[in-house]
Each structure stands twice: as C-alpha cells, then as structure tokens.
Amino acid sequence: MRLNAPMRAALEASDDDRIFFDLAGIEAQYDLLLSELPDIAVRFAMKACPVDEVLVRLAAKGSGFDAASPNEIAQALRTGVPVERIHYGNTIKSDQNIADAHRLGVRDFATDSLEDVAATAAHAAGSRVFCRLATSGDGALWGLSRKFGCSGADAVRVMEAARSAGLTPSGLSVHVGSQQMTSEAWQDAFERLADVLTALNRRGILPDRINLGGGLPALGYLDSRGTPLDPPLDKIFAVIREGMQHLGAASRSPLDFVMEPGRHLVADHGAIRAHVSRLSSRGQIDGAREHWLYLSCGKFNGLYEMDQLQYRLLFPSHPGTESVQAVVAGPTCDSDDAYAHDHHRVRVPVSAASGDPVWVLSSGAYATGYMTQGFNGFDPLPYTCVNSD
Ligand SMILES: *Cc1c(COP(=O)(O)O)cnc(C)c1O
C-alpha cells in the first residue's frame with residue numbers, strides 16, 4: 001500500500017521508534033468492506049488492533065466487537081458500543097471467564113464442545129450460542145485449525161445439547177484461517193455451513209445467525225520473492241456474496257450474517273518507524289557470506305508475524321542508492337527474530353548505517369497486542385493515531 005500524505009508526514013515528523021495508525025484509512029476500509037458486503041454486520045476482531053482510538057472509530061461507524069476475554073469485553077464497552085454488539089468469540093473460556101462476561105452483559109457466546117455448552121448453561125443461563133465449525137486452514141498464512149471448531153456431526157450434538165440446557169442455539173460460525181489467500185476456502189466453508197444448517201433444520205433447530213469469522217486478506221504484504229502477495233479479493237467477495245445467498249435460500253429461518261474481520265481492516269493502515277541497528281556481512285560455517293540487516297524492531301516489538309509475512313520496507317534517507325541482498329532480522333538474541341523463509345533476502349541500501357530510519361508498511365495488524373514487555377530489554381513500540389480529526 002502507498003503511504004498517504006498525513007501518514008508520511010507523521011513518519012517524517014520525529015525520530016523515535018513508533019507505530020502509526022491511520023484512523024481515516026481504517027474507516028475508509030470499513031466503508032469499502034460494507035460496500036462489497038452490504039448485508040453483513042461487522043464484529044471487529046479486537047486482537048488484531050486493541051487500540052482504543054481505533055475501536056472508538058469503528059464503534060462509531062456501527063461496528064461491534066469479537067472479544068476473546070472479559071478484559072477485551074470491558075475494553076469494547078469503554079467505546080460506548082451497546083453490549084448487544086459484543087460477542088464472546090473465543091471458544092476457550094473458563095467458568096470464571098463465562099461468568100464475568102455474563103455479568104458484563106454479554107449474551108452471545110461462541111462454542112465448539114459439549115463441555116463448553118454445559119459451562120455456558122451453568123454460568124450464562126439462557127444465553128445464545130453459536131457453534132464454530134472446524135476448517136482445514138488450507139490456503140491461509142495462519143491456519144487457525146485444530147485448536148478451534150468441531151466436525152459437522154459434533155456441531156449438531158452441541159446445538160442439541162444447547163437447546164436441552166435452556167440456551168438458544170442461535171447460529172454457526174467458521175474461520176477460514178487468517179490472511180486466507182484462496183476463494184476455494186470460502187467455497188468449502190459455505191458447503192460445510194450448508195450441510196450442518198440442513199441437519200439442524202431437520203431436527204427443528206432454526207439458527208438465525210451465520211458468523212463468517214475473519215480471514216479476509218490485507219493487500220500490502222510481499223511474497224518471498226518480494227513482489228506483492230496479490231490475494232484474489234474480488235473473487236473472495238463474489239464467493240461470499242453468492243454463498244450468503246445460497247445459504248439464506250436453503251435455510252428454513254431467516255439468517256443474519258456477521259463477519260469478524262481483523263487484519264483486513266487495519267493491516268494496510270498501520271506503519272512502523274524503526275531504525276537500522278546494523279547492516280553487517282558475515283561468513284557462515286558453510287562458507288556462505290551473508291549480509292544481515294538488523295532492525296531496531298522485530299518479532300517481539302511490532303513484527304510478531306515476520307516469519308510468515310514480509311513487509312515492504314522503505315529507507316527514506318536512501319532514495320535509489322546501490323543495494324545488497326540481506327536477511328532482515330530484529331534486534332534480540334533470538335534466532336526466530338528474523339525473516340525465516342530459508343534466509344530469504346531483501347534488497348537493502350548498501351550504505352544503510354546504524355540509526356537510519358526504516359519504515360515498515362502494512363504493519364497495522366497483530367502488532368500492538370503481540371509485543372513483549374521488554375524481551376532482552378527492547379521496549380514495546382508506542383503508538384500514534386494519524387488522521388484523527
Ligand atoms: C483472530 C480472529 C478473527 C480475525 O481474523 P483475521 O484473519 O485477522 O480477520 C476473527 N474471529 C476469530 C474468532 C478470531 O480468533
């Protein structure tokens with residue numbers, strides 16, 4: 001993604017390491033999503049950007065929140081959003097978590113097991129539950145498979161148990177995996193949803209909500225050759241629109257559709273200002289000579305996903321100079337703190353010197369939440385919101 005003028009000005013204005021969020025850009029992304037999928041209600045997945053200013057803007061646009069813990073629910077409530085627009089989307093909860101969420105007013109709970117349904121009935125009596133179906137995660141950069149969701153056969157059992165326990169079996173959910181790069185994954189998800197919905201309808205269970213989860217891609221990441229990833233976003237939207245229509249037609253009861261985008265709304269509207277720690281060249285024991293560019297930020301302070309994703313790096317003090325191929329890494333004593341792809345190389349200016357600024361684009365998702373409290377003594381990045389008037 002290109003930097004707009006206010007973001008560029010903010011990045012240029014001072015010199016500390018910092019992450020910037022473009023609030024107007026995030027709002028525009030929200031509008032764009034709703035223009036593609038006008039019939040969905042958005043429940044922003046808070047973990048992708050748990051920044052109060054961002055959440056307040058999204059809430060004002062009509063978004064609700066997918067929260068994963070009582071603390072996230074409390075943060076969502078502080079935006080002023082009505083509690084009906086917050087759901088507990090994490091299938092993993094202790095009895096205490098469920099009771100706390102219920103006390104905070106939440107009545108919509110994701111589930112995927114009989115054990116969790118029993119706990120929800122005990123600690124959040126009368127609530128609405130939606131059962132998460134497992135997906136393979138194929139085609140996604142972060143699969144989110146196995147840990148969450150259940151088979152279709154289990155989903156029917158879970159929903160029947162919910163009904164027997166006095167809960168409202170209100171819906172089904174899926175997550176196709178984060179930064180999902182294929183439209184086929186969506187196709188597959190709709191087929192699973194349709195099968196389970198039909199089985200539920202036959203048993204007299206009439207869900208009124210389908211939650212399509214997250215997984216919509218950001219556009220600004222690079223592939224391992226350094227070219228833009230180019231996910232088939234238009235095709236994905238077309239498959240989702242068609243899937244919603246077919247599912248609605250097949251259902252015995254009217255369906256509301258909900259989505260929980262995280263990355264798609266924020267990734268391309270955040271940028272990090274970091275610095276060159278050192279560009280060095282070292283002979284390896286296999287005889288290879290490698291350039292390594294060590295940055296002031298890495299896996300533990302802003303770029304947690306750097307072993308899966310590659311970001312566009314800008315070197316604003318080196319316009320168009322001679323370059324070398326370097327491995328890019330963060331500043332810590334952890335060898336995971338690097339672009340891992342088999343020591344994949346990035347073109348960097350040969351004269352890059354310690355202290356030179358480096359801008360990391362499309363770094364707005366999963367940056368702030370994943371920062372450690374000073375691993376090896378490196379501070380988490382402070383943030384600034386731009387375009388906030
Ligand atoms: C993380 C998460 C999301 C957001 O996923 P993205 O790929 O960032 O859109 C949505 N729903 C649930 C339940 C999640 O855990």
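Gln179 lies in strand β9 (residues 178-180). Helices (H or I, at least four residues) and strands (E, at least two) are DSSP runs, numbered from the N terminus. The model is predicted, so local features need pLDDT of at least 70 and side-chain atom pairs count only at pLDDT 80 or more, while totals for chains, interfaces and linings use all residues. Residues are numbered from 1 along each chain as its sequence is written, and side-chain values use heavy atoms, with hydrogens and water left out.

Two backbone angles stand out for description. Most residues other than glycine have a negative phi. Gln179 has a positive phi, near 50°. Its relative accessible area is 0%, so Gln179 is buried. Buried means under 20% relative accessible area, exposed over 50%, and partly exposed in between (1.4 Å probe, protein chains only). Asp230 also has a positive phi, near 60°. Asp230 is placed in the loop between β10 (209-211) and α9 (233-250). With a relative accessible area of 62%, Asp230 is exposed.

Strand β15 (residues 323-329) is largely enclosed by the rest of the structure, because five of its seven residues are buried. Strand pairing was assigned where DSSP finds at least two bridges between two strands. Strand β13 (residues 289-295) runs parallel to β15, and four bridges join them. Tyr294 has Ala329 of β15 as its bridge partner. Strand β16 (residues 346-349) runs antiparallel to β15, again with four bridges. Here the bridge partner of Ala326 is Val346, in β16. In a regular strand the side chains alternate between the two faces of the sheet.

Aromatic contacts were searched next. A pair of aromatic rings is described by the distance of the centres and the angle of the planes. Rings of Phe, Tyr and Trp (its six-membered ring) pair if their centres lie within 6.5 Å; planes under 30 degrees apart count as stacked, over 60 as edge-to-face and the rest as tilted. The whole structure holds eight aromatic pairs. One of them joins Tyr304 and Tyr370, with ring centres 3.8 Å apart and planes at 20°, so the pair is stacked. Tyr304 lies in the loop between β13 and β14 (313-314), and Tyr370 in the loop between β17 (357-360) and β18 (383-386). The pair therefore ties together parts that are 66 residues apart in sequence. Tyr304 is partly exposed, at 26% relative accessibility. Tyr370 is partly exposed too, with a relative accessible area of 35%. Tyr370 also pairs with Tyr366, in a tilted arrangement: 6.2 Å centre to centre and 45° between the planes. Tyr366 counts as buried, at 9% relative accessibility. Ring pairs link Trp142, Tyr304, Tyr366 and Tyr370 into a cluster.

Charges over rings were also found. The criterion is NZ of Lys or CZ of Arg within 6 Å of the ring centre and within 35 degrees of the ring normal. Lys299 lies over the face of Tyr304, 4.6 Å from the ring centre. The charged end of Lys93 sits over the ring of Tyr88, at 5.7 Å from its centre.

A polar side-chain atom of Asp66 is 3.3 Å from a nitrogen atom of the ligand. An N or O atom in the side chain of His175 lies 2.9 Å from a ligand oxygen atom. For Arg263, a polar backbone atom is 2.9 Å from an oxygen atom of the ligand.

Cysteine sulfurs were examined with a cut-off: a disulfide is a pair of cysteine sulfur atoms within 2.5 Å. The count is zero disulfides. The sulfur of Cys131 has its closest cysteine sulfur in Cys150, at 3.7 Å, which is too far for a bond. Cys131 is buried, at 0% relative accessibility. Cys150 is buried as well, with a relative accessible area of 7%.

Asp116 lies in helix α6 (residues 114-123). Its relative accessibility is 6%, so Asp116 counts as buried. Asp116 and Ser94 are 22 residues apart in sequence, and their C-alpha atoms are 8.6 Å apart in space.

How values were computed:
A polar contact is a pair of N or O atoms within 3.5 Å; within protein, one must be able to donate a hydrogen and the other to accept it, and residues adjacent in sequence count only if both atoms are side-chain atoms.
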